[in-house]
Amino acid sequence: MNIIVIGGRGLVGRNIVERLRAQGHRVSAASRSTGVDLVTGKGLADSLVGADVVVDVSNSPTFDDMAAFEFFKTAISNLIDAEKRAGVKHHVSLSVVGTGRLDASPYLRGKALQERVIASSGIPFTIVHATQFFEFLLDIITYAIDGQAIHLSPAYVEPVASDDVASTIARAATEVPVNGSIEIAGPERARMSELIRRFVIDMEAPYEVCTDPEAPYFGATLDECVLLPRKDAERGKLGFQAWFERSEYARASW
């Protein structure tokens, strides 16, 4: 099987490429560093020649402004058009649990648009909804810092290791399209503010985490359960503490 991974040089993309190559598939990683630009379309058509499956794990460079929405709008239009011309048989996309429920967030509004374009494209597809990556927790902190305080929602989350997500996506890429979505979450549930407080303490970072129900999450205010997956979600194997102890953050110095 000939598989193209868009965003194949990123955190999840590299993992997916390695897994699929180990299974004996022909796999190419496409990204701006390989001359493929989803926004301009440069290099896209050439990268998809002969592709049976396209796995899209590309991401917006911003999270909390309209640039994120515009990225997904332009990128998915260019990608689907190129896939139709190339005769791609299966489109696999990484998306986010909560997409479609948080329109106040430009990022998640862009992801929702991306999903609608995929579903209406006529190309068989599988969308993988993942909860927040453990590796994404530092971005949540960065966007929520105000001086020495970090204001965060007490909404429930079930974060997951990116390695577990990559495993699910790699499997989906080799299976029959579901023409719908599957979900993956971590094995543990916690309130966002409490989990980030554990993370900050474990890193010995000099910040105070404040629980605030009105704190925005990339532009949206969260209801308590809006970021939780469906009951039939797959479960990753790695919990927070085990992930942290093997991560670079356990050795970080602030």
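Predicted model: local features only at pLDDT ≥ 70, side-chain atom pairs only at ≥ 80, totals over all residues.
At 39% relative accessibility, Glu194 is partly exposed (buried means under 20% relative accessible area, exposed over 50%, and partly exposed falls in between, with a 1.4 Å probe and protein chains only). Residues are numbered from 1 along each chain as its sequence is written, and side-chain values use heavy atoms, leaving out hydrogens and water.

**Salt bridges**

Arg197 and Glu194 form a salt bridge, that is, a side-chain nitrogen of Lys or Arg within 4 Å of a carboxyl oxygen of Asp or Glu. Both sit in helix H7 (residues 192-203), three residues apart, or about one turn of the helix. Helices (H or I, at least four residues) and strands (E, at least two) are DSSP runs numbered from the N terminus. Salt bridges with shared partners also join Glu158, Arg189 and Arg235 into one network. The salt bridge count comes to 11, and here are some of them:

| Pair | Closest N and O atoms |
|---|---|
| Arg197 and Glu194 | 2.4 Å |
| Glu158 and Arg189 | 2.7 Å |
| Asp52 and Lys89 | 3.4 Å |

Take Glu158 and Arg189, which form a salt bridge. This one links distant parts of the chain: Glu158 is in the loop between strand E8 (156-157) and helix H6 (162-174), and Arg189 is in the loop between strand E9 (180-185) and strand E10 (190-191), 31 residues apart. Glu158 is buried at 3%, whereas Arg189 is exposed at 52%.

Then there's the salt bridge between Asp52 and Lys89. Asp52 belongs to the loop between helix H2 (44-47) and strand E3 (53-56), and Lys89 to the loop between helix H3 (66-86) and strand E4 (90-96), so the pair ties together parts 37 residues apart in sequence. Asp52 is partly exposed at 23%, while Lys89 is exposed at 52%.

**The second largest pocket**

Which residues lie nearest the centre of the second largest pocket? They are Tyr143, Ala144, Pro216, Tyr217 and Phe218, out of 13 lining residues. Helix H5 (137-144), strand E7 (149-152) and strand E12 (216-217) each supply at least two residues of that lining, and H5 gives the most, with three.

Key. 1 Å grid on protein atoms, 1.4 Å probe; cavity = no way out; pocket = protein on both sides within 12 Å on 5 of 7 lines; lining within 4 Å.
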